[in-house]
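Biologist: I would like to learn how to read a few features in a structure. Could you take me through them one by one?

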Amino acid sequence: MIKSDNKIRQGASNREWGALAESIAADWLLTRGYTLRERNYRFRDVEIDIIAQKDDEIIFVEVKARTGKDQNPLDAVDARKRKKIMFGADIYLRNLDQLFFYRFDIITITGTPEHYELAHYPDSYRAGLGTRIHSSRPSRLQRKRPSRSGAPDDDSAPGDDLPSDVI
């Protein structure tokens, strides 16, 4: 019984730290010129922590907080979590009146509310969403991919780096 009480308290503490971490991440984005469009966007069983915008790009941000350095917060954004976020992002983008580029970022916060480290991982994972009206920008790896000989691999057609809705 005592263990379950401790787990309940620990769960509440983790939720509080997670909510505070989301606020820290939102403030961090604002100071870097992002506009916050949504916080805790929900669709069915999907929640996207932050939906931000910078210029013509919508950024779907997952925030992960951990108290110990021995825990890697990135590990919590597994394939199942990414799939759910991509599903929610697809729904969100389909309901917009204009076209945007999009990307998926992860912000990790490790430490305590008093002393923490924040790390931002822009364009953390790629998604080809079901909607054909929006496009992610080509990643840095997709833009210039050297061949094994070291020369640029330029078998792409002109305009391949443009979103499909522009071509």
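Biologist: Is F104 buried or exposed?
Modeller: Buried means under 20% relative accessible area, exposed over 50%, and partly exposed in between, with a 1.4 Å probe and protein chains only. F104 has 1% relative accessibility, so F104 counts as buried. A word on the source: this is a predicted model, where local features need pLDDT of at least 70, side-chain atom pairs count only at pLDDT 80 or more, and totals for chains, interfaces and linings use all residues. Residues are numbered from 1 along each chain as its sequence is written, and side-chain values use heavy atoms, with hydrogens and water left out.

Biologist: How many aromatic pairs are there?
Modeller: Rings of Phe, Tyr and Trp (its six-membered ring) pair if their centres lie within 6.5 Å; planes under 30 degrees apart count as stacked, over 60 as edge-to-face and the rest as tilted. By this rule there are six aromatic pairs. One of them joins F60 and Y92, edge-to-face, at 6.0 Å centre to centre with 85° between the planes.

Biologist: Where in the chain do F60 and Y92 lie?
Modeller: Helices (H or I, at least four residues) and strands (E, at least two) are DSSP runs, numbered from the N terminus. F60 is in strand β3 and Y92 in helix α2 (residues 79-94), so this pair links distant parts of the chain, 32 residues apart. F60 is buried at 1% relative accessible area, and Y92 is buried at 7%.

Biologist: Why is the pair of Y102 and F104 edge-to-face?
Modeller: Because their planes stand at 75°, with ring centres 5.9 Å apart. Y102 is buried too, at 3%. Ring pairs link Y41, F60, Y92, Y102, F104 and Y125 into a cluster.

Biologist: Which charged end sits over the ring of Y125?
Modeller: A charge sits over a ring if NZ of Lys or CZ of Arg is within 6 Å of the ring centre and within 35 degrees of the ring normal. Over Y125 it is R82, 5.8 Å from the centre. K54 does this over Y34, at 4.8 Å.

Biologist: What is E62 in contact with?
Modeller: Contact means heavy atoms within 4.5 Å. Leaving aside neighbours within four places in sequence, E62 touches E47, D49, V77, K81, I85, D105, I106 and I107. E62 belongs to strand β3 (residues 57-66). With 2% relative accessibility, E62 counts as buried.

Biologist: What about phi?
Modeller: Most residues other than glycine have a negative phi. D55 has a positive value, near 60°. D55 is in the loop between β2 (46-54) and β3 and is exposed at 65%. D123, in strand β5 (residues 116-125), also has a positive phi, near 50°.
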